[in-house]
Amino acid sequence: MIVLTVDDSDINLAVYRSLLSQIEGTETVSFSSPVAALDWAKHHACDVTVVDYHMPDIDGVSFIERYRRTAASHHSLVVMVTADVEREVRHRALLAGANDFLTKPVDHIEFTARMRNMLEVADGRRRLADQATWLRHEVERATAAITAREIETISRLTRAAEFRDDVTGLHVVRVGHMCAALARTIGLPEEECTRLMLAAPMHDIGKVATPDDILLKPGPLNEAELAIMRQHTVAGYEILRDSESPMLQVAADIALTHHERYDGTGYPQRLRGNAIPLSGRLCSVVDVFDALTSVRPYKDAWTIESAVENIRAGSGAQFDPEIVAIFDQSLPAMIEIKRRLTDETETAPRGRTSARN
């Protein structure tokens, strides 16, 4: 336990040190200058502070006022030494943050007993604070573990759905990272970028409801098949909707709207412009980019250059023109994500055919 003593009298400081040395486990830090004591307190914590009222430069009340503004003083108990007749000073000291008083001249027995009691109180407060901190950390750790398990479960279920038409299951992972990269480029807060990274991989979760003969068909779909294929957006929304999780709420919006088009000709609701949630507008760009540049059972991979040309050509029609305008700024990050999260079977572009993402 640390006791800070502040008094302009070296004799008084020596007395305090001698008396405090009789209390086991106590360390004393002494200053004859209140200014020096305040400088020390900016970087050090103590359990009890004893300060005289009558001091040059800064009196005891002013010292307490300044001392209480330091972060290190928040758990410290303060005892001020005053004359018995200085009742008005004591009132001011209480308002400034004093916890107790000692009367001049200090009685040695009273000082030792009073300080022993104050140190016991300070120790109890510190133990409670330590326990509260420990409990807070335990709650945070447990919450983080639950969140991590939730994310892992959702991720694995999402990748399981993607395995049906992507032999690696990595498309959904890349879309999440690319969506976050694009969001950072437009200046969204990091918390929202992280949420998009976790939510965007669920954009095609509704494909679990799509029949294999349509999902895996090696070629263009007819109108009836397209109508069934497009229902994966509604199916995904129904799977994810009504959750209390902010991440799943964003995922539901993305699942429903990532095939909407900026010009209002998309599906399933034919939303136009900013009526499409930003999360859906962001995901639609990166979903198409990654789908075009990836091998699927029904298509070969496009080159990066061809895919970028396709994104630019869709500005104002399929895609939000403001997002397309800054897409190039995110392109290095997109390419790095492709490099880092691409299976060997996808590394070599083999021509240019239609894409169904």
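**Reading a predicted model, feature by feature**

Mentor: Strand 1, helix 1 (residues 10-20) and strand 2 make a right-handed β-α-β unit. Keep in mind that this is a predicted model.

Trainee: How many bridges join strand 1 to strand 2, and which way do the two strands run?

Mentor: Strand 1 and strand 2 (residues 27-31) run parallel and are joined by five bridges.

Trainee: Which residue of strand 3 does L4 stand opposite?

Mentor: L4 stands opposite T49 in strand 3. Strand 3 (residues 48-52) runs parallel to strand 1, and four bridges join the two. Strand 1 therefore has bridges both to strand 2 and to strand 3, by the rule that two strands pair if there are at least two bridges between them.

Trainee: Is strand 1 mostly covered or mostly open?

Mentor: Burial is read from relative accessible area, and under 20% is called buried. In strand 1 (residues 2-6), four of the five residues are buried, so the strand is mostly covered under that cut-off.

Trainee: Now a helix. Which residues of helix 4 are buried?

Mentor: In helix 4 (residues 87-96), the buried residues are V89, R90, A93 and A96. Viewed down the helix axis, these buried residues fall within an arc of 115°, so they line one face of helix 4. The face turned away from that buried side carries the exposed residues R87 and L95.

Trainee: Where is M229, and is M229 buried or exposed?

Mentor: M229 is in helix 9 (residues 223-230). Its relative accessible area is 4%, so M229 counts as buried. M229 and I214 are 15 residues apart in sequence, and their C-alpha atoms are 7.0 Å apart in space.

Trainee: Let us turn to the backbone. Which residue does a cis peptide bond join to P105?

Mentor: The angle to read is omega. A cis peptide bond joins K104 and P105, with omega about -15°. P105 lies in the loop between strand 5 (100-103) and helix 5. A cis peptide bond also joins Y267 and P268, where omega is about 10°. P268 is in the loop between helix 11 (246-257) and helix 12 (278-292).

Trainee: What is the phi of D57?

Mentor: Phi of D57 is near 70°, a positive value in a residue other than glycine. D57 lies in the loop between strand 3 and helix 3 (60-67). With a relative accessible area of 75%, D57 is exposed.

Trainee: Where is R270 found, and what is its phi?

Mentor: R270 is found in the loop between helix 11 and helix 12. Its phi is positive, about 55°, although R270 is not a glycine. R270 counts as exposed because its relative accessibility is 56% and the cut-off for exposed is over 50%.

Trainee: Last, a pocket. How much space lies in the second largest pocket, and which residues line it?

Mentor: For a pocket, read the volume and then the lining. The second largest pocket holds about 240 Å³ of space. Its lining consists of I2, A45, C46, D47, A71, A72, H75, S76, A122, R125, R126 and A129. By type, the lining residues divide into seven nonpolar, two polar and three charged.

Trainee: Which element gives the largest share of that lining?

Mentor: Helix 5 (residues 108-162) gives the largest share, four residues.

Conventions. Residues numbered from 1 in each chain as written. Predicted model: local features only at pLDDT ≥ 70, side-chain atom pairs only at ≥ 80, totals over all residues. Heavy atoms only, no water. 1 Å grid on protein atoms, 1.4 Å probe; cavity = no way out; pocket = protein on both sides within 12 Å on 5 of 7 lines; lining within 4 Å. Points joined across faces, edges and corners; volume = space filled by probe spheres on them. Nonpolar A, V, L, I, M, F, W, Y, C, P; charged D, E, K, R; others polar. Buried < 20%, exposed > 50% of the residue type's maximum accessible area, 1.4 Å probe, protein only. Right-handed = clockwise from strand over helix to strand, strands pointing away. Arc of directions from axis to C-beta.
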